Amino acid sequence: MAAHGKNINIFLMDGTANGRIKCTLANWTGVAYRIPRVDLDLCKERNDLKQSGVYFLFGALDETSEQVIYIGQAGARKNGEGILYRLQEHRKNIDKDYWSEAIVFTTSNNSFGPTEISYLENRFCAMANDAHRYIVKNGNEPTRGNVTEEKESELEEFIEYAKIIMGVLGHKVFDPLVITELAAEDTAVPAKDKHTTFFIKKRGAYAKAIQTAEGFIVLAGSILSKDAVPSCPDSAISAREKYSSIIDENMILLKDVPFKTPSGASSFVLLRSSNGNADWMTEQGVTFGKFESTKV
């Protein structure tokens, strides 16, 4: 069934795209905020940020530039403390100095209680871990709590809307690089099986990749060339350093890795300058460049 369009209201609270943003969706009681860390103090008078809700802290590790996320919950307190107070606590915590931006989900009617936010925190953490987009900094798996099947259905609908908003705000936290889709017979089929697979088999490498809306994805299980040639571009060396934690001692890639271009992907695999249009080939030996030129 084709997806329906969605009407999303995006309010630039400070009049700039880099400032605070408020998001709402037609026929949804949820409210989302994107708040840069440096702008937390500007939110002191917002009553809906003193409510209960779930929040996400986004940042990057200094050593590797890997993207990280922390997912938490905040309950409303009698003294007016809620989500904003919790974010201010995190800003003071030297162990959480990596984050630069928070995204908050609450409701327009202040309907979240302890059970609801526990359920949402648990589900959001599980989804983020399954997607492997970010390093999830939560030390322990949040408690799911006990909800009725009616409440679970309601919260799952909230989650679906939250996923849309999160993507609109620039974070594909919950979307795996290679998505499992439904085939015509309604059986789950990995998306990689519904795309043409391209190969590189040279310089000791045996790599596989597919092209998706994300770009060119080098697939987990690919074997990479071990040593760089003297003229290897800096970008390929930097990419190897960035993803060194997911390359094992046998040069096997442990997770899917996205690249903007086929050449960026092939240079990463081969550790030399590479024309991805020529080096990536189908199983029948058709180069990626020729494959692209024959598309209607």
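Q: Glu89: buried, partly exposed or exposed?
A: Partly exposed, in this predicted model.

Q: What does Glu89 pair with in a salt bridge?
A: Arg86. The closest N and O atoms are 2.9 Å apart.

Q: How accessible is Arg86?
A: Arg86 has 25% relative accessibility. That counts as partly exposed.

Q: Switching to Arg91. What is its salt-bridge partner?
A: Asp41. The closest N and O atoms of that pair are 2.9 Å apart.

Q: Why does that pair tie together parts of the chain?
A: Because Arg91 is in helix H1, residues 83–92, while Asp41 is in the loop between S3 and strand S4 (53–60). The parts are 50 residues apart in sequence.

Q: Are Arg91 and Asp41 buried or partly exposed?
A: Partly exposed. Arg91 has a relative accessible area of 26%. For Asp41 the value is 39%.

Q: What about Arg34, which side chain does it meet in a salt bridge?
A: That of Glu101. The N to O distance is 3.6 Å.

Q: Where are they in the chain?
A: Arg34 is in strand S3, residues 30–36. Glu101 is in strand S6, residues 99–107. They are 67 residues apart, so the pair links distant parts of the chain.

Q: Buried or exposed?
A: Arg34 is buried, and Glu101 is buried too. Buried here means under 20% relative accessible area.

Q: How many salt bridges in the whole structure?
A: A search finds 12.

Q: Which residues are linked in a network?
A: Glu116, Lys151 and Glu154. Salt bridges link them.

Q: New topic, Asn275. Where does it lie?
A: In a loop. Helix H5 (262–270) is on one side and helix H6 (276–279) on the other.

Q: How accessible is Asn275?
A: Asn275 is at 42% relative accessibility. It counts as partly exposed.

Q: What is Asn275 in contact with, leaving aside neighbours within four places in sequence?
A: Ser263 and Ser266.

Q: And how far apart are Asn275 and Ala265 in space?
A: They are 9.6 Å apart, C-alpha to C-alpha. In sequence they are 10 residues apart.

Definitions and conventions
Residues numbered from 1 in each chain as written. Predicted model: local features only at pLDDT ≥ 70, side-chain atom pairs only at ≥ 80, totals over all residues. Heavy atoms only, no water. Salt bridge = Lys/Arg side-chain N within 4 Å of Asp/Glu carboxyl O. Helix = DSSP H or I, 4+ residues; strand = E, 2+ residues; numbered from the N terminus. Buried < 20%, exposed > 50% of the residue type's maximum accessible area, 1.4 Å probe, protein only. Contact = heavy atoms within 4.5 Å.
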